[in-house]
Amino acid sequence: MKKNKLMSIVTLLAIVLVGTSACANTSNEAPTEANPSKSGAVEGNNDGSVDASASTDGEELDTTSSDQSASEQKTQKDESENSLSQYSNEQIEYARVWLQLGPNQDIDELNVRHIPAGEPINPDDDTSADYPEDVIQLAGSRLVDGSVTYSGNGDGTITVYNVPLRWDGNYPAGEDFYLDILANTKRVSIDPNEDEKVIALIKLINVQQN
């Protein structure tokens with residue numbers, strides 16, 4: 001009788017131990033199934049965090065690309081505005097000649113007058129000799145600005161005629177006076193000068209119509 005009772009107690013303890021062990025195993029495995037951090041969150045992320053991150057990165061790339069494009073356009077615009085390629089050879093020549101030979105550099109207008117060959121050097125004097133070639137007369141808007149009268153030679157040089165913008169004196173001066181002017185022209189090599197200065201002066205050019 002005592003032996004049977006003892007066996008019953010042993011069996012009961014064994015059952016309790018087995019149940020306790022099963023509960024412990026169940027408890028250890030449960031977080032793996034329920035814990036989002038261990039159940040494939042990267043693969044099954046349903047809160048949109050991955051997509052939002054990708055969208056943000058895309059927006060940042062688009063913004064950077066847009067900024068670069070705007071910067072490149074501004075650079076191209078600045079280069080275009082500061083390039084002599086957008087101006088004619090004649091405009092560049094007028095500006096360079098004045099920058100090198102103009103009596104007054106502080107002008108508000110650069111007037112350009114084309115004088116054809118055969119025109120008198122001094123229209124107010126009947127004894128005046130004529131220009132043997134087409135010439136260009138550059139002048140500011142004021143007498144104090146002075147003038148430059150020349151012909152282009154097409155090789156980076158010009159022939160300068162020593163004539164004033166306005167003739168003052170006693171006339172008729174006689175043809176020899178004007179022939180002496182023609183005999184004493186000066187050949188001058190024109191420097192390129194700085195592009196910025198050339199462009200600034202080109203913007204002041206006013207070509208006069210005869």
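How many residues does helix α3 have, and how far does α3 reach from its first C-alpha to its last? Helix α3 (residues 89-101) has 13 residues and reaches 18 Å, close to the 18 Å expected at 1.5 Å a residue. That expected span is 1.5 Å times one less than the number of residues.

This is a predicted model: local features need pLDDT of at least 70, side-chain atom pairs count only at pLDDT 80 or more, and totals for chains, interfaces and linings use all residues. Residues are numbered from 1 along each chain as its sequence is written, and side-chain values use heavy atoms, with hydrogens and water left out.

**Helix α3**
- Its buried residues (under 20% relative accessible area, 1.4 Å probe, protein chains only) are I92, Y94, A95, V97, W98 and L99.
- Their cover includes β1 (110-115), β2 (135-139), β3 (147-152), β4 (157-161), α5 (195-202) and β6 (205-207).

**Nonpolar cores**
- A nonpolar core joins buried Ala, Val, Leu, Ile, Met, Phe, Trp, Tyr and Cys residues through side-chain atoms within 4.5 Å.
- The largest has 24 residues, and Y94, L110, L138 and Y150 have the most contacts inside it.
- Helix α3 gives the largest share of this core, six residues.
- Another core, of 10 residues, lies apart and includes I115, I121, Y131 and V135.

**T149**
- T149 sits in strand β3.
- T149 counts as buried because its relative accessibility is 1%.
- Its side chain makes a polar contact of 3.2 Å with that of Q137; such a contact pairs N or O atoms within 3.5 Å, and within protein one must be able to donate a hydrogen and the other to accept it, while residues adjacent in sequence count only if both atoms are side-chain atoms.

Key. Helix = DSSP H or I, 4+ residues; strand = E, 2+ residues; numbered from the N terminus. Buried < 20%, exposed > 50% of the residue type's maximum accessible area, 1.4 Å probe, protein only. Contact = heavy atoms within 4.5 Å.
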